[in-house]
Amino acid sequence: MEKLHSYTSHKLTELLKNGGVKASDILEDVIKRVESVDDKVRAFVFLNKDRARISLSGSKDKGRLYGIPVLLKDNLCVKGEETTCGSKILKGFKPPYSATVARKLEDAGAVLIGKANMDEFAFGSSCESSCYYPTRNPWALDRIPGGSSGGSAAAVASDETIIALGSDTGGSIRQPASLCGVVGLKPTYGRVSRYGLIAFASSLDQIGPLTKDVEDSARVLSVIAGHDEMDSTSVEMPVPDYTKSLVKDAKGLRIGVPKEYFIAGLDKEVEASVKKAIEVYKALGAKVIDISLPHTDYAVSTYYIVAPAEASSNLARFDGVQYGHRSAESKDMIDMYIKTRSEGFGTEAKRRILLGTYCLSTGYYDAYYLKAQKVRTKIKEDFENAFKTCDCIITPTSPTPAFKIGERLNDPLSMYLSDIYTIPANLAGIPAISIPCGFSKTGLPIGLQILAKPFDEETIFHAAYAFEQNTDHHKRKPAL
Amino acid sequence: MKSIDKSTVKRVAHLSRLALGDKELDLYAGQLASILTYINKLNEINTEGVPPTSHAISSLKNVFRKDVLKPSLNTEDVLSNAPQAEGDFFKVPQIIEGK
């Protein structure tokens, strides 16, 4: 009974049905775990025990995720619960409505337990730009957990929750999943409703699960996917039961390996783990094909125009009028905007607002924003061409394992380059997952990324499950 | 594509409704210049005649709905987050000059 917090949701669902376990046992065990280790990990912005207990007592025991504790990233709105995006400018904001994903999870019987730490407004790859505190990597407390969904990934890795949700604009689910040794999925653009997700870059953002294994990822996506009239970018397509795609072999699967991802800057141990994974797939009956994605090298540049441009526009709404922080003293309206925003936004948020505004300003729009949108077309076409000869693509998720806290803080460009392998999927809108595929000699997790065609999450789950069930990297736990 | 200097950062900061001190202006001018130098690599690609992508998924189309009255958010709930409110309104500092 003691170890309930370390189980997956599918194992817990089984125990709830046949193992004499009560949902309240699970919740209390997870709460105990958070109270004993979060002082070290600092994955949570807050744990709401009262709300979780009340919500469990009223939850439907027939739901697919009945009794499963879920942690939400702090950019997902829950009615009446403080939601701050890790920013001072939203301190005290209690949304008057809940995100569609939060509602769907609760409708399926899941229990929302609190909010996970994140980089401010999801701007970052290390969780260091949060206005609260940096979250630490459960595998090495002096290292970053990745970002921006660093709190979500660290909480899953340290068994402080069973499941977490994050958001992914350029790798913000997959990169921390990789660095923390958990499974992180960015679904196809349009697969999951973003109603109630505080927007970063609207043509790139997508919500997805961080879980302890691939089966849990498939379970959660089956619950949260689907059209929503509150988000006109959510696509009207039937939602399959993704757990039906979980097959243990890879017979006949055509896997592409892009040569442009194995370049200078890729850590030797990461490269070796990914190469080993390729051998595992061959042994499981997959056909491995060398492919080329020729515009890969331009993805980071494209992203750092498109994403800050959209962010600078989305963040215009934080002006001290309707919610959040307002500067105490101002002589007029414009002065109030300027003081409020200057006091409320952190360093990285200001940097991105400046970069985005510059790229959109008169005289620069064509040279930057329009140019980037055209290169984006080329990057998208690279994938369309590649998928003519393969069913999915495998790559490293992050070029290096987790780096030290503070190491890249003063060099924004080196921080931006940590998303070099995850950004292309957002630009092309395609789904991608990160799963554990090894460890460095010093015991840091390494992740494998699997990408597929738009709305083909089924192939991703198939490929991910086959690898996972024939290896045991996902079974290792950090010592806390 | 050009690089960025301190006076440009100052102008962009004003457009963004941000006030930056002298040290911040220096810091951002240097950092943005190095980021833009990296970004300028896009000029290596010939994009003549290439259509821009604003959304990656082509099945997305404009969405219309019937113009019917539906319940909206509760006014009290919405105003509960306002830094200042009066009656059913958000209250802001003076916009028009003079009394």
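Modeller: Val300(A) sits in helix α9 of chain A. Helices here are DSSP runs of H or I with at least four residues, strands are runs of E with at least two, and both are numbered from the N terminus. The model is a predicted one, in which local features need pLDDT of at least 70 and side-chain atom pairs count only at pLDDT 80 or more, while totals for chains, interfaces and linings use all residues. Residues are numbered from 1 along each chain as its sequence is written, and chains are lettered from A, with ligands numbered from 1, in the order in which they are written.

Val300(A) has 22 other C-beta atoms within 10 Å and is therefore buried. The cut-offs are 20 or more other C-beta atoms within 10 Å for buried, 12 or fewer for exposed, and anything in between for partly exposed, with C-beta atoms placed from the backbone. Setting aside neighbours within four places in sequence, Val300(A) is in contact with Tyr416(A), Leu417(A), Ile420(A) and Ile423(A). Contact means that the C-beta atoms of two residues, placed from the backbone, lie within 7 Å. Ser418(A) is 118 residues away from Val300(A) in sequence, yet their C-alpha atoms are 9.7 Å apart.

Next, the interface. Chain A brings 54 residues into contact with 44 residues of chain B. On chain A, at least two residues each come from α9 (299-314), α10 (333-344), α11 (347-360), α12 (366-386), α13 (412-416) and α14 (423-428). The most come from α12(A), which gives eleven residues. By class, the chain A side that touches chain B has 27 nonpolar, 16 polar and eleven charged residues. Ala, Val, Leu, Ile, Met, Phe, Trp, Tyr, Cys and Pro count as nonpolar, Asp, Glu, Lys and Arg as charged, and the others, Gly among them, as polar.

One helix pair spans the two chains. The axes of α11(A) and α2 (residues 22-39) of chain B come within 11 Å and cross at roughly 60°. Axes are lines fitted to C-alpha atoms, for helices over the stretch in contact, and angles run from 0 to 180 degrees between N-to-C directions. The two helices, α11(A) and α2(B), are therefore oblique to each other; under 35 degrees counts as roughly parallel, over 145 as roughly antiparallel, 65 to 115 as roughly perpendicular and the rest as oblique. From α11(A), Arg351(A), Leu354(A) and Leu355(A) meet Tyr28(B), Gln31(B), Leu32(B) and Ile35(B) of α2(B). That contact has five nonpolar, one polar and one charged residues.

Chain B also has a backbone feature: Arg17(B) has a positive phi, near 55°, although it is not glycine. Arg17(B) lies in the loop between α1 (6-15) and α2 of chain B and counts as buried because it has 20 C-beta neighbours inside 10 Å.

In chain A, the loop between β3 (111-116) and α5 (150-157) holds Ser148(A), which a cis peptide bond with omega of about 10° joins to Gly147(A). The loop between β3 and α5 of chain A also holds Ala122(A), whose phi is positive, near 70°. Eight of the eight residues of α5(A) are buried, so this helix is largely enclosed by the rest of the structure. Just after α5(A), Asp159(A) takes a positive phi of about 60°.
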